[in-house]
Amino acid sequence: MKIESDFNDIDALGDDHVGTSSDTPMRADAFKLSGKEKIDIIKDDVRHIMETLGLDLTDDSLKGTPNRVAKMFVNEIFGGLDPEKKPSASTFDNKYKYGEMLVEKNITVYSTCEHHLLPIVGRAHVAYISNGTVVGLSKMNRIVDYYAKRPQVQERLTIQIVKELQNVLGTEDVACVIDAKHLCVNSRGIRDIESSTVTSEFGGKFKEKETRREFLDYIQLDTQF
């Protein structure tokens, strides 16, 4: 049967890190349901999973878990799937004529691996060179957070951050490096608690060796306060 064949193909992938495109895979009807409707459906699904595992949902500690998980999925850790939550990124004229790269480093990344729905935790380092326009510093953090709050692969997340900032700033001169731990590797499977994954995306001038080297040197500075 085709369905059985599909499942066999999925199992054959094992723990391989598979990505399909730089866009998050979304169905055409992804926003047909309201947030509340999604929470009600997910709540029932979580309850079914827990009951299937043999848990007693009449216990005081567990009875609220399905609702908590559903609300967390829709409103928090997968909130980046909702285009209405996309941060507005106002830009300003670069009136002080700052012509060097601007680097925002050590941005906290909390995301979720789309293969096992386990956490990805790390740091993002983002830079751009102004072509006459600048963006508020906090907006860079918010862009990272928005794209992180969805089922992800780290490669896609890195590309999405760069593409969004390129669009906001009207320049190709944007770069991003992410260093993160994946709990699908650290807490299950091979259970290697020391390993982390590093991804990068360089646009425009950052493809040039000297500019890229300057950016990488900046993010290695030991910033302490």
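In what order do the elements of the chain run from the N terminus on? They run α-α-α-β-β-β-β-α-β-α-β-α-β-α, and the chain has seven helices and seven strands. Helices (H or I, at least four residues) and strands (E, at least two) are DSSP runs, numbered from the N terminus.

This is a predicted model, in which local features need pLDDT of at least 70 and side-chain atom pairs count only at pLDDT 80 or more, while totals for chains, interfaces and linings use all residues. Residues are numbered from 1 along each chain as its sequence is written, and side-chain values use heavy atoms, with hydrogens and water left out.

Along the principal axes, the C-alpha atoms of the chain fill a box of roughly 65 × 45 × 35 Å.

**Helix pairs**

Two packed helices are described by the angle between their axes and the distance between the axes. Axes are lines fitted to C-alpha atoms, for helices over the stretch in contact, and angles run from 0 to 180 degrees between N-to-C directions.

| Pair | Angle | Axis distance |
|---|---|---|
| α2 and α3 | about 135° | 8 Å |
| α4 (137–148) and α5 (154–169) | roughly 135° | within 10 Å |

α4 is therefore oblique to α5, and α2 and α3 are oblique to each other as well. Angles under 35 degrees count as roughly parallel, over 145 as roughly antiparallel, 65 to 115 as roughly perpendicular and the rest as oblique.

The crossing of α2 and α3 is right-handed, and so is that of α4 and α5. A crossing is left-handed if the near helix is turned anticlockwise from the far one by less than a right angle, and right-handed if clockwise.

Contact means heavy atoms within 4.5 Å. Between α4 and α5 the contact is made by M140, I143, V144, Y147 and A148 of α4 and by L157, Q160, I161, E164 and L165 of α5. These residues divide into eight nonpolar, one polar and one charged. Ala, Val, Leu, Ile, Met, Phe, Trp, Tyr, Cys and Pro count as nonpolar, Asp, Glu, Lys and Arg as charged, and the others, Gly among them, as polar.

In α2, the residues that meet α3 include K38, I39 and I42, and their partners in α3 include V69, A70 and F73. The residues of this contact comprise nine nonpolar, four polar and four charged.

**Largest pocket**

A pocket is an open set of points on a 1 Å grid over the protein atoms alone, where a 1.4 Å probe fits, with protein on both sides within 12 Å along at least five of seven lines; lining residues have an atom within 4 Å of a point. The largest pocket has a volume of about 930 Å³, a volume being the space filled by probe spheres set on the points. Of its 30 lining residues, M26, R27, A30, K38 and L81 are the closest to its centre.
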